[in-house]
Amino acid sequence: MSEAFGCRYVLATSSGTAALRCALAALGVGPGDEVIVPAFTFIATVSAVVSAGAVPVFAEVDDTLTLDPRDVASKVTDRTSAIVPVHLENVVADMGALGGAPLLEDAAQAIGTTYRGRAAGTIGAIGACSLQQTKTITTGEGGLVCTDDEDLYIRATRFHDQGGQFVTQYRGERGPARGEPIVGDNLRMTEIAGALGVVQLGRLPTLVAAMRANRERIASAIGALDGLTPRREPDPAGAGGSSLTWFAPDAGLARRCVEALRAEGAPAAQMYEGLPVYLNPAVRARRTAAGGAEWRARPPELDLCPRTEDLVARSITIGV
């Protein structure tokens with residue numbers, strides 16, 4: 001993967017969520033820290049932050065359905081330890097416009113995509129990819145941590161293998177004692193998943209090319225639809241093409257469009273039911289199995305990201 005991505009270090013983990021947790025640990029994110037995440041994402045982006053003891057700060061998405069750089073800039077504080085752009089549905093966020101804290105790319109849904117010629121997950125300080133069943137390539141469950149920073153790689157590697165005295169694997173060989181021991185976890189990829197991943201990696205360019213070709217066929221056949229605005233892509237040439245999304249003039253029309261398309265057998269949906277992640281019942285109640293004390297102690301916020309709520313309620317997505 002390191003060779004395929006053009007990245008100095010890649011660590012294999014047991015899942016994409018595990019990759020996020022390792023990346024946060026590598027950055028030293030912990031209690032008292034704030035991590036800016038998009039208001040529209042899969043819940044794992046939030047749960048990894050809460051599991052680290054940090055506080056997720058929700059920022060607006062724009063018409064790319066990825067982080068709005070202007071809103072991110074307004075939410076950076078001296079407690080911000082990381083910003084997590086999520087490359088939703090194979091579209092990479094506008095990485096060139098984001099800054100103010102280390103960028104941890106959540107590229108779980110974007111393996112094989114690029115931004116200005118660079119592989120998703122390798123652009124920020126550190127990145128996390130997923131190899132779960134529904135992704136472009138799969139090991140059943142699995143993840144990857146990508147970075148060019150040796151120190152971050154060593155910390156992530158320690159954390160994913162109990163954090164003890166040795167780095168179990170250092171670029172393919174049992175490594176010497178590098179970095180300081182930390183208390184870690186067991187988030188290692190299994191050898192069986194690794195063997196699957198080697199074969200899947202060889203298929204990645206063909207699969208991405210086929211998906212992009214099918215997406216263009218569908219897009220050209222549909223053409224421009226009156227009243228519907230297509231999702232904007234910061235780098236159309238690098239997008240993976242796993243879906244097509246439009247925004248309807250209002251939420252009611254979007255829901256009716258999805259229902260009509262599904263009635264005709266088209267794979268249409270509103271991603272995450274057209275709701276921001278902070279309306280997930282567990283997130284809204286700030287309910288955890290353990291930990292997350294500082295997050296739970298924060299007073300509830302109303303109308304967190306009204307633009308995001310409006311956009312996602314008006315969205316219509318067709319899977320490719």
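A crossing is left-handed if the near helix is turned anticlockwise from the far one by less than a right angle, and right-handed if clockwise. By that rule the crossing of α2 and α3 comes out right-handed, and so does the crossing of α2 and α5. The model here is a predicted one, in which local features need pLDDT of at least 70 and side-chain atom pairs count only at pLDDT 80 or more, while totals for chains, interfaces and linings use all residues. Residues are numbered from 1 along each chain as its sequence is written, and side-chain values use heavy atoms, with hydrogens and water left out.

Helices (H or I, at least four residues) and strands (E, at least two) are DSSP runs, numbered from the N terminus. Axes are lines fitted to C-alpha atoms, for helices over the stretch in contact, and angles run from 0 to 180 degrees between N-to-C directions. On those terms, α2 and helix α3 (residues 43–51) pack at about 40 degrees, with axes 9 Å apart. The pair is therefore oblique; angles under 35 degrees count as roughly parallel, over 145 as roughly antiparallel, 65 to 115 as roughly perpendicular and the rest as oblique. On the α2 side, the contact (heavy atoms within 4.5 Å) is made by Thr-17, Leu-20, Arg-21 and Leu-24, and they meet Ala-44, Thr-45, Ser-47, Ala-48, Val-49 and Ser-51 of α3.

Helix α2 (residues 16–26) also packs on helix α5 (residues 150–160), at an angle of about 125 degrees and with the axes 8 Å apart. These two are therefore oblique to each other as well. Arg-21, Cys-22, Ala-25 and Ala-26 of α2 make this contact with Leu-152, Arg-155, Ala-156, Phe-159 and His-160 of α5.

As for the cysteines, the structure holds zero disulfides, a disulfide being a pair of cysteine sulfur atoms within 2.5 Å. Cys-22 has its nearest cysteine sulfur, that of Cys-146, 12 Å away. Cys-22 is buried at a relative accessible area of 0%, where buried means under 20%, exposed over 50% and partly exposed in between (1.4 Å probe, protein chains only). Cys-146 is likewise buried, at 1%, and its sulfur sits 4.3 Å from the closest cysteine sulfur, in Cys-129, too far for a bond.

Glu-89 has a positive phi near 50 degrees without being a glycine, and is partly exposed at 22%. Asn-90, found in the loop between β4 and β5, has a positive phi of about 65 degrees but is buried, at 5%.
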